[in-house]
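Dear colleague,

I am passing this structure on to you, and I would be grateful if you looked through it before reading my notes. What I found in it is set out below the structure itself.

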Amino acid sequence: MADDLLIPDDDEACTVALEELLAASGLGHEEVIELVQFGVFHCAQHAPVWTFHVHTVRLARRAARLRDDFGLNVSGMALALTYLERIEALEGRLRELESQLPR
Amino acid sequence: MKFKDYYATLEVEREASAEEIKKAYRKLARKYHPDVAKEAGAEDKFKEISEAYQTLSDPEKRQAYDDLGRHGPGEEFHPSPEWDSRFSRGGQQEVDLADLFERMGFGGGGGFGGGTGDPRRPGADFPIRGQDVEVATELTLEQAARGTEVSFSLSVPALRADGRVEKQSRSGRIRVPRGVVEGERLRVPGKGGDGIAGGPPGDLYLEIRLAPHSRFKAVGHDLYLELPIAPWEAALGAEITVPSLDGTVAVSLKPGMRSGQKLRLAGKGLPHRREGAGDLYGVIQIVLPEKIGEREQALYRELAEASAFHPRLHLEGPTDG
């Protein structure tokens with residue numbers, strides 16, 4: 001594939017189906033359902049099949065890594081993902097505030 | 001092949017119990033896990049820890065590893081013929097110790113760097129999705145604003161027909177649309193590792209990093225610019241010129257500007273993917289020259305005498321507490 005010009009997905013409208021999310025992350029069906037119930041993953045439930053925003057793939061892979069590397073159960077994954085999301089939001093806020101300080 | 005001391009990696013004795021190995025792994029994983037740690041090098045360190053744990057946590061693999069004997073880290077060695085016939089699939093070739101354990105058929109899998117965590121057993125006769133791969137790229141703000149193309153090269157593990165793992169190198173170019181922001185991941189479906197036994201290929205992810213810019217700091221699509229002004233400009237107002245990513249903008253400062261006040265220039269930040277753009281914020285800093293001349297000093301003295309302004313009035317008198 002040398003010298004191919006690869007065109008990324010048009011991210012804003014991009015969704016993945018449940019099956020794709022499972023295959024891309026290594027999470028199990030039950031785990032994904034529970035993570036949706038915990039409110040960590042958001043899916044468009046009105047569609048005939050569950051679909052997720054493509055960003056969920058990154059979250060799901062992170063969840064699977066945390067499960068495999070720390071032996072977390074679903075509650076643990078939900079808690080860790082929530083905290084990591086909160087940390088990232090705070091880091092963003094910190095960058096924003098730092099941008100306003102004199103150098 | 002090069003010897004790796006898995007016990008040293010996990011900071012345990014060779015005689016350590018399974019429980020001790022698990023404890024050591026957990027302690028190190030918590031410290032270096034790439035989802036948790038932020039310091040440079042944590043990810044590589046975690047890969048080493050993970051590789052060591054994959055082998056030492058499995059009694060069969062651990063025994064096989066112990067049978068290799070003791071060698072110095074990085075030392076060249078060859079497994080004994082007997083070991084080789086038990087675990088290897090014949091033929092001496094350049095392989096990595098981790099790859100060797102990976103294809104010993106003990107199962108396992110998972111772990112960071114395994115991407116999807118698929119157990120990659122040799123001779124799998126069921127379809128396995130290819131590995132997702134991630135590459136990072138650093139763009140300038142100008143490139144992010146206009147869109148660009150980036151080259152990448154990486155190596156992905158691939159399973160050959162005879163069950164051996166080999167590293168395949170990949171390279172190519174990816175079109176980066178305008179309007180990407182720091183930390184964004186672009187997904188190129190189907191361009192990751194090849195699937196196995198008819199499984200679909202994995203995806204390629206391009207992670208965007210924005211290089212520090214000499215003038216602007218990007219926060220999402222908004223840009224921040226430190227905007228120094230002179231005390232008289234702050235007091236009297238002024239017509240000033242502010243740089244933006246594409247040329248300059250003329251701005252009227254109102255009288256009475258304060259330090260830290262933000263001047264918002266709508267739509268002068270990074271463009272969004274489709275339409276519109278973030279804003280540019282000029283953060284006002286009232287500055288003085290390092291040295292002022294005699295005439296300036298005299299004028300300041302005159303100003304001090306003429307002014308009734310008391311900036312620390314609120315700090316006078318007893319406190320409430």
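Chain A has four helices and four strands, and, read from the N terminus on, these elements follow one another in the order β-β-α-α-β-β-α-α. Please keep in mind that this is a predicted model, in which chain A averages a pLDDT of 85, with 88% of the residues scoring at least 70. Within chain A the confidence is highest in helix 2 (residues 29-37), where the mean is 93, and lowest in strand 3 (residues 43-44), where the mean is 82.

As for how chain A is put together, 30% of its 103 residues count as buried. Among the contacts in chain A with a separation of 6 or more, 63% are made by residues 24 or more positions apart.

The axes of helix 2 (residues 18-32) of chain B and helix 3 (residues 42-56) of chain B come within 10 Å and cross at roughly 160 degrees; because angles over 145 degrees count as roughly antiparallel, helix 2 of chain B is roughly antiparallel to helix 3 of chain B. The crossing of these two helices of chain B is left-handed. On the side of helix 2 of chain B, the contact is made by B:I21, B:Y25, B:L28, B:A29 and B:Y32, while helix 3 of chain B contributes B:A42, B:K45, B:F46, B:I49, B:Y53 and B:L56. The residues of this contact between helix 2 and helix 3 of chain B divide into ten nonpolar and one charged, with no polar ones.

With best wishes

Key: Residues are numbered from 1 along each chain as its sequence is written. Chains are lettered from A and ligands numbered from 1 in the order in which they are written. This is a predicted model: local features need pLDDT of at least 70, side-chain atom pairs count only at pLDDT 80 or more; totals for chains, interfaces and linings use all residues. pLDDT is the predictor's confidence in each residue, from 0 to 100. A residue is buried if 20 or more other C-beta atoms lie within 10 Å of its own, exposed if 12 or fewer, and partly exposed in between; C-beta atoms are placed from the backbone. Two residues are in contact if their C-beta atoms, placed from the backbone, lie within 7 Å. Axes are lines fitted to C-alpha atoms, for helices over the stretch in contact, and angles run from 0 to 180 degrees between N-to-C directions. Angles under 35 degrees count as roughly parallel, over 145 as roughly antiparallel, 65 to 115 as roughly perpendicular and the rest as oblique. A crossing is left-handed if the near helix is turned anticlockwise from the far one by less than a right angle, and right-handed if clockwise. Ala, Val, Leu, Ile, Met, Phe, Trp, Tyr, Cys and Pro count as nonpolar, Asp, Glu, Lys and Arg as charged, and the others, Gly among them, as polar.
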